[in-house]
Amino acid sequence: MKSDIITIARKELARFFSNKTSACIAIVLPGLLIYAMWSFMGTALSDGTKADETKMPTIAVVNFPASIEPLTADFEIIHLDVAPEGDDIRAAIKQKEYGAVVVFPEDFDAAVTQRLLTRDGAAPHVGVFYDSTQSESGTTFSLFKAVLDGYKASLVDD
């Protein structure tokens with residue numbers, strides 16, 4: 001019985017490989033199609049996710065503290081006098097006027113100093129508003145969050 005299976009397998013493989021067209025269609029063509037499809041998809045996806053490296057992220061800031069200013073050299077900062085309302089923030093970010101809106105408390109530096117001296121009370125709340133559906137806005141948020149995390153780490157003793 002084992003020899004019958006081997007005989008049948010040998011016969012079928014010989015028939016398959018003797019016909020050049022069927023061997024090419026079954027072996028070569030799928031490889032070429034997979035390569036072409038993945039090359040196209042890779043190019044399309046990488047072009048869609050590339051950020052414009054020449055453009056600096058734009059952030060609108062309310063009550064911008066002097067202690068954060070040296071850390072934001074990589075951002076284009078727009079100073080606002082009053083915090084915009086929710087719909088105004090959404091509209092401005094959708095129209096790509098700026099990538100994010102950051103609202104600091106009026107007494108941010110004083111609150112940070114007080115917290116460092118007394119080790120008591122809550123840390124000041126910084127509101128960062130962005131549109132998570134836009135890649136540029138999400139990138140701006142991530143970069144500014146890294147700035148705030150770096151500022152926080154510089155204040156805390158190890």
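Phenylalanine 108 is buried, and tyrosine 151 is buried as well. In this predicted model, the two rings form a tilted aromatic pair, with 6.1 Å between centres and 35° between planes. Phenylalanine 108 sits in helix H4 and tyrosine 151 in helix H5. The pair thus links distant parts of the chain, 43 residues apart. Both residues belong to one aromatic cluster, which also includes Phe64, Phe75, Phe104 and Phe144.

The structure holds seven aromatic pairs in total. Another of these joins tyrosine 130 and phenylalanine 141. This pair is stacked, at 4.1 Å centre to centre and 10° between the planes. Tyrosine 130 lies in strand S4 (residues 127–130) and phenylalanine 141 in helix H5, so the pair ties together parts that are 11 residues apart in sequence. Tyrosine 130 is partly exposed, with a relative accessible area of 33%. Phenylalanine 141 is also partly exposed, at 21%; the buried class requires a value under 20%.

In soluble globular proteins, nonpolar side chains tend to be buried together. The largest nonpolar core here has 14 residues. Ile68, Val102, Phe104, Phe108 and Phe144 touch the most other members. Strand S1 (58–62), helix H4 (108–118) and helix H5 (135–155) each give two or more residues to this core. Helix H5 gives the most, with four. Beyond its neighbours up to four places away in sequence, phenylalanine 144 touches Ile59, Thr72, Phe75, Val102, Phe104 and Val128. Another core, of six residues, lies apart from the largest one. Its members include Ala60, Ala92, Ile93 and Val101.

Three salt bridges were found. Aspartate 131 pairs with lysine 94, at an N to O distance of 3.1 Å. Aspartate 131 lies in the loop between S4 and H5, and lysine 94 in helix H3 (residues 86–94), so this bridge ties together parts that are 37 residues apart in sequence.

Another salt bridge joins arginine 15 and glutamate 12, whose closest N and O atoms are 3.3 Å apart. These residues are three apart in helix H1 (residues 2–18), and therefore separated by about one helical turn. Arginine 15 is exposed, at 58% relative accessible area, and glutamate 12 is partly exposed, at 38%. Lysine 145 and aspartate 149 also meet in a salt bridge, at 3.3 Å from N to O. Both lie in helix H5, four residues apart, or about one turn. Lysine 145 is partly exposed, at 41%, as is aspartate 149, at 39%.

Technical notes:
Residues numbered from 1 in each chain as written. Predicted model: local features only at pLDDT ≥ 70, side-chain atom pairs only at ≥ 80, totals over all residues. Heavy atoms only, no water. Core = buried A, V, L, I, M, F, W, Y, C linked by side-chain atoms within 4.5 Å. Buried < 20%, exposed > 50% of the residue type's maximum accessible area, 1.4 Å probe, protein only. Contact = heavy atoms within 4.5 Å. Phe/Tyr/Trp six-rings, centres within 6.5 Å; stacked < 30°, edge-to-face > 60°. Salt bridge = Lys/Arg side-chain N within 4 Å of Asp/Glu carboxyl O.
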